Amino acid sequence: MALIELDDVTKAFALPHGGTKVAVDGITLAVERGECLGIIGESGSGKSTLGRLILRLLEADSGTIRLEGQDIRALGARELRRNRHRWQIVFQEPFASLNPRLTIGQIVEEPLIVAGGYGSRAERRQRVIDTLEEVGLSEDFLDRRPANLSGGQQQRVGIARALVTDPSLVVLDEPTASLDLTIRASILRMLNRLREARGLTYVFISHDIETVRHFCSHVVVMHHGRFVESGSAQQVLDEPREEYTRNLMAAAMPPIPYRGRAEAAGATSGAS
Ligand SMILES: Nc1ncnc2c1ncn2[C@@H]1O[C@H](COP(=O)(O)OP(=O)(O)OP(=O)(O)O)[C@@H](O)[C@H]1O
Ligand SMILES: [Mg+2]
């Protein structure tokens, strides 16, 4: 049984001036346990909408969504809340996704309280500390607040909050897009290590095709809410069958500002 099974899932949004926009258009998909599925596609192609539908953070209009065999569209509000801890998400903007009034300790503990069944206060606190350590943050962060952390540290908190309940599935929606290049690499390495150590299944939404190539076992390419291509990462990215995928890859420019700085620095040192 696949961990994620989608059958003909559709979602349309009402437009402010009438009409609708079909953001996800009849998607059928299976993701096996332990896989990392990369979702690529131009802006507005429906990647985030699909990621949210998978976790029922958005309600689909039609279709079936099964996680670990469970039809999540059929779950009542209480059942959904009780099951949420198994299926988590990490967002692109860590600061926007962390409650600024809470301490890091409270933020990471919150999913444990919502789900229930994670023991006494002391046991929950220990679990929070252990998880913070797993993402590279010490106990010293417990009483600090999001505003006092760097972007990379904030995202580590976002990841700790997603992992603290020991989920089977994590949707990562451009988790490093807002971070400096140097921090990106270390966060991605950490995510990869955690996936292996915990046997996690990832859905990894990204514009960065090179990262997807290194990070993901499988890839789907989205365009106007549909898949234009899917398969192993190697097959899709090394030998794309569709022109849309080839264009997407051609358009994925190297990071110009960074390169510009590197070249400028090289030129300066060469001249001196
Ligand atoms: N809450 C919403 N209300 C109305 N339209 C929406 C809403 N969310 C998304 N859309 C529309 O649905 C389409 C898909 O959006 P989505 O955010 O899923 O794209 P995306 O592939 O994640 O883009 P990006 O790469 O820019 O994050 C877009 O046309 C978007 O404008
Ligand atoms: Mg998006």
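This is a predicted model: local features need pLDDT of at least 70, side-chain atom pairs count only at pLDDT 80 or more; totals for chains, interfaces and linings use all residues.
Let's start with the strands. Four of them make an open sheet, in the order β2-β1-β4-β5, and the pairing is antiparallel. The edges belong to β2 (20–31) and β5 (70–71), each of which pairs on one side only. Helix α1 packs on this sheet, where α1 touches β1 (4–14), β2 and β4. The direction of α1 makes about 120° with that of β1.

What holds strands like these side by side? Strands of a sheet pair through backbone hydrogen bonds, and they can do so parallel or antiparallel. Here, β4 and β5 run antiparallel and are joined by 2 bridges. If you look at R66, you'll find that its bridge partner in β5 is D71.

## R56, in a loop

Now follow the chain to the loop between α1 (47–54) and β4 (62–67), which is where R56 sits. Is R56 buried or exposed? Its relative accessibility is 15%, so R56 counts as buried, since the cut-off for buried is under 20%.

The side chain of R56 makes a polar contact with the side chain of E59, at 3.0 Å. Setting aside neighbours within four places in sequence, R56 is also in contact with I72, R73, A74, L75, L80 and R84.

## V236, in a helix

Further along, V236 is part of helix α9 (residues 233–238). V236 has a relative accessible area of 0%, so it is buried.

Which residues does V236 touch? Not counting residues up to four places away in sequence, they are V219, V221, E229, S230, G231 and T245. Take V221: it lies 15 residues from V236 along the chain, and their C-alpha atoms are separated by 8.5 Å.

Definitions and conventions
Residues are numbered from 1 along each chain as its sequence is written. Chains are lettered from A and ligands numbered from 1 in the order in which they are written. Side-chain values use heavy atoms; hydrogens and water are left out. Helices (H or I, at least four residues) and strands (E, at least two) are DSSP runs, numbered from the N terminus. Buried means under 20% relative accessible area, exposed over 50%, partly exposed in between (1.4 Å probe, protein chains only). A polar contact is a pair of N or O atoms within 3.5 Å; within protein, one must be able to donate a hydrogen and the other to accept it, and residues adjacent in sequence count only if both atoms are side-chain atoms. Contact means heavy atoms within 4.5 Å. Two strands pair if DSSP finds at least two bridges between them. Axes are lines fitted to C-alpha atoms, for helices over the stretch in contact, and angles run from 0 to 180 degrees between N-to-C directions.
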